[in-house]
Each structure stands twice: as C-alpha cells, then as structure tokens.
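Welcome! Take a moment to look over the model, and then let us walk through some of its strands and loops together.

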Amino acid sequence: MKVSNLLGKAKGSALLLLGTASVVVSMDANAIPVFARQTGFKCVACHVGGMFPQLTSLGRMFKLTGYTMGNRPNLDDLEVQNDYPPVAIMVQGAKQYYNNTSHGINGNSPSSAADLTVVSLFAGGKITDNFGAFMQWTGTKYNGASASGPGMQSGTQSGYQAAAIDNTEFRYADRTVTPNSDLILGAYINNRAMMSDVWNNFGAWESGWINYFNAGNALAPTTYLMGESSQHAAVGVGGYFFKNKTWYGELAVYKSPTHGPFSVMTAGATSVGNAGVTSLLEPSPYFRFAYNKEWGASSFEAGLHGMMSYVYGTPLYGAPTGTSSLPGGPVSAYHDIGLDAQYQYVLDPHYFAAHARVTRELMNNTPGQPNWQGFTALNATDNLTETYMDATYVYEAKYGAQLSYASATGSNDAGLYASATGGTTSPTGSPDWRSWTPNIFWQPYQNLRIGYMYTYYTQMGGVNSGSSLMLNGSKFSPQNFNTSMLYVGFIY
C-alpha cells in the first residue's frame with residue numbers, strides 16, 4: 001500500500017473518531033444506560049471489563065430475575081421530575097476497508113467511507129417487582145443481513161436504509177432463597193430464539209457485537225438456529241429454572257404470527273407472501289440445558305442447546321391466489337443440536353472470557369421446491385456443522401483484545417451453496433468456510449469504545465487458495481474478501 005493512501009485513510013478515520021469522542025467528553029462521564037441507571041451499578045459490574053454484551057455473574061442474575069433488580073420504583077410510581085426515563089441509545093460509526101473494491105462488488109456498502117452505520121434505541125427494566133422488559137429498535141444504513149458471516153453480527157431485521165423492531169423480550173421471574181436452596185423460576189415472551197441466552201454463546205449476545213456492512217457479498221453458510229435470518233420473524237414463549245446457581249433448564253416454542261397482537265414483535269416481517277423472509281408457521285421447539293459453576297473470580301458453564309424448526313418457503317403457504325404457494329407442509333425442516341461452553345475470570349484490573357460452541361444441523365429439504373431463501377436444494381437431506389470460538393482480555397476495563405474463529409463444514413449441495421454464499425459461487429457446491437477475526441479496542445469512558453478489527457478468510461466455498469471462486473463474472477480467492485474496520489461505539 002502506498003504511504004499516501006495509508007495517510008489518507010488514517011486522516012479520514014481520525015476525523016471520525018475525534019468527532020465522536022468530542023461529543024462524549026462534553027457529557028457526564030458517569031452517564032450509563034438504562035439498566036445501570038436502574039441498579040446504580042457501573043458497567044463493569046454486569047459486563048466483563050465493561051465490554052457489552054458479555055455478562056458477568058451479576059449481569060446474568062439481573063437478566064434471570066426478569067430485569068427487575070435495583071431500586072427504581074414500579075412503572076406506575078415513576079416521577080417525571082425525579083426518575084430517569086427507562087430509555088437508552090446506542091450509535092455505531094465505522095470506516096471500513098475491503099480487499100476487493102477494484103471489482104466494484106460492494107453493493108450498498110461504501111468502498112472505504114467513514115459513516116454512521118447503526119442506531120439502536122432501548123427501553124425497559126423493572127415494570128413490577130417480578131416483571132420486566134428489554135426492548136430494542138434498530139435502524140441500519142447498510143445491509144443488516146450481511147452480518148451473519150463469521151465475526152459479523154447485526155441483530156436487526158432491517159435492510160438498507162431501513163429500521164425495525166429488534167431484540168425484544170418480556171420476562172416474569174420469581175426467586176426463592178432459603179438456607180439450603182436458591183431457585184429462580186421464570187417465563188418469557190420474545191422475538192428471537194436464543195435471546196434468552198445469559199452466557200453469551202449465541203446470536204446477538206456473542207462477544208463480537210460490531211456490525212459489519214459487507215452488503216451480502218461474502219456470507220458464510222450458517223445453521224438455521226444461529227443464522228440472523230431466523231430471528232425477529234417469530235415469537236417465542238418459554239419457561240426456565242436456575243437451581244442453586246448450578247443447574248439451568250429452558251424450554252420454549254416459536255411460531256411466526258401473521259396477524260394478531262404478537263405480530264407487532266416481528267415488525268411485519270412475516271406477512272404472507274413476503275419473499276425472502278423466513279416463517280415458522282408451525283410450532284418449533286427450542287431447548288437449553290446447562291451446568292454452571294462459580295468459584296472466586298472464576299465461573300464456568302457447559303451446556304446443550306437445540307431447536308427443531310419447520311420453515312415454509314416463499315411465497316408462503318396461504319399466499320394470495322395466483323402465486324406458486326405450496327399446498328401445505330413445511331418446505332424445509334432444520335434439526336439443530338449442539339454443545340456450548342464459557343469460562344470467565346473477573347477481578348479488576350484483569351478481565352478474561354472465552355466462549356465456544358458447535359452446532360450440528362440436519363436439513364430435510366423438499367427437492368424441486370425453493371426454500372425460505374429462494375434456493376432449491378438438490379439433496380433430500382443435507383448436514384451442516386457450525387463452530388465458533390472466541391477469547392477476550394480486558395485490562396483496567398479500558399484496553400482490550402479479542403480473537404474469534406468461525407467455521408462451517410457440511411455436505412455439498414450445488415443448489416444451496418454453488419451460489420448461496422452471498423452471491424459467491426463455489427466450484428463444488430461446498431459450504432466449507434473458515435475465518436479469523438482479531439479485534440483490539442480502547443474504552444476511555446464506559447460509554448465509548450474505539451476499536452479496530454480485521455476478518456481474514458482461510459477457506460470459502462471449499463476453496464483454500466487460488467482464484468476459483470466466482471462473483472459477477474470475476475474470479476477471486478478467499479483472501480480477496482478480507483475486511484478491516486475502524487469503529488466507534490457509543491451507548492448512553
């Protein structure tokens with residue numbers, strides 16, 4: 001890279017960072033989001049090294065007890081003059097660089113522009129002594145669906161220059177503590193399978209919260225359970241228990257509402273005939289069981305998770321007359337089961353967390369019928385195994401580094417993968433994929449994070465090297481899709 005180009009990029013990035021930092025410096029350094037204002041805790045009390053969304057033992061207990069801990073009065077007793085409103089905002093800006101900009105395939109994404117990419121509004125907390133909520137609304141300027149690849153995460157249904165309801169959950173919980181027992185019983189309704197996770201192994205609660213905006217040109221295959229597209233288009237009702245801070249169990253059922261009061265939680269994403277949107281029009285059960293151990297500054301979790309998803313294709317069954325709707329029955333059935341684990345060490349000035357999960361999926365396809373993504377499988381059955389691991393270290397809740405690894409392996413199916421990896425054509429129809437993402441960051445204030453991350457692909461579509469990947473008539477190697485990003489995250 002020429003020195004002049006490097007200096008130009010550095011100058012643009014510095015302006016983005018300084019602009020955001022100046023806003024924060026002018027504000028109260030002790031300003032913290034909605035749950036922290038309710039409890040009076042600093043961010044590091046509930047988040048590992050202050051690095052949201054990773055939860056400490058206290059943070060997990062806050063969620064398991066229904067977001068009700070703290071001294072804030074019930075919702076009907078709030079005083080406008082004396083009580084903070086239960087709302088918060090998160091903003092992300094980024095300057096992103098691609099290896100393949102010369103081919104002009106970045107879609108809606110800028111080639112290397114500093115831009116405001118994501119804004120989220122939050123509300124929630126204690127409503128009554130046993131009932132609380134977490135509500136999120138997100139607007140994204142660039143394609144949020146692109147964030148399902150390795151090292152990428154979005155948490156929003158909204159697409160280019162769009163906004164929609166995001167992770168939203170209502171919980172009821174009751175805790176009974178005796179000299180010999182500690183039992184939490186709870187129930188919830190939410191719009192995302194795995195939103196109930198308190199160990200940060202799944203979905204929007206993974207350690208890497210940053211929203212890439214790759215415009216869908218290099219997406220990794222993912223299991224239906226872990227994939228971003230399975231979220232916010234269904235509503236789940238579940239119950240759970242947590243016994244003696246050791247044994248955890250959870251069962252839930254998800255289904256896509258096409259009308260009625262619960263459809264507001266899917267932001268209209270499941271309207272009948274809406275092409276390209278997943279729909280669980282039959283009840284789909286989800287489960288999670290875990291063993292948890294806490295000692296001193298350390299904690300450990302090992303668990304089992306799974307879901308059986310019955311997914312209709314597009315257009316959906318029951319679509320208006322004249323469309324190619326199916327006579328009935330799911331187009332695809334996805335049976336997912338996996339193992340997950342977490343280790344934490346939390347004792348100032350050192351904060352460390354590591355997560356791992358592996359999820360195996362068996363797909364029962366309907367050959368000749370397009371699935372919910374619009375792809376037609378050639379095989380009656382396929383399998384896919386998704387692996388994710390990360391490790392994070394934070395010093396003095398200010399300086400941190402993270403390394404994450406993601407991979408997918410499975411059976412070849414040219415109908416699903418020859419052109420399904422975000423438009424990138426695999427020569428063999430292979431879903432095999434691997435990437436590494438290092439991430440370094442600085443948190444000068446508990447509200448502000450400034451960081452740099454780089455995603456390096458070592459395998460894509462079964463290709464490790466060479467130029468046998470095809471996209472828009474051009475040939476690529478996996479490394480051509482490497483992406484780096486300088487980012488700023490601010491939450492208040």
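Strand 14 (residues 399-410) runs antiparallel to strand 15 (residues 433-445), and the two pair over 10 bridges. Here strands are DSSP runs of E with at least two residues, helices are runs of H or I with at least four, and both are numbered from the N terminus; two strands pair if DSSP finds at least two bridges between them. Across from Ala406 you will find Ser435 of strand 15. Strand 15 also pairs in the antiparallel sense with strand 16 (residues 448-459), over eight bridges, and a hairpin of two residues joins strand 15 to strand 16. Arg434 has Gln459 in strand 16 as its bridge partner.

This is a predicted model, in which local features need pLDDT of at least 70, side-chain atom pairs count only at pLDDT 80 or more, and totals for chains, interfaces and linings use all residues. Residues are numbered from 1 along each chain as its sequence is written, and side-chain values use heavy atoms, leaving out hydrogens and water.

Now for the loops. Two residues other than glycine have a positive phi:

| Residue | Phi |
|---|---|
| Tyr67 | near 60° |
| Lys245 | about 55° |

Tyr67 sits in the loop between helix 4 (57-64) and strand 1 (87-98). Tyr67 counts as buried because its relative accessibility is 3%, where buried means under 20% relative accessible area, exposed over 50%, and partly exposed in between (1.4 Å probe, protein chains only). Lys245, in the loop between strand 7 and strand 8 (247-255), is partly exposed at 35%.

Finally, the peptide bond from Asp348 to Pro349 is cis, with omega near 15°.
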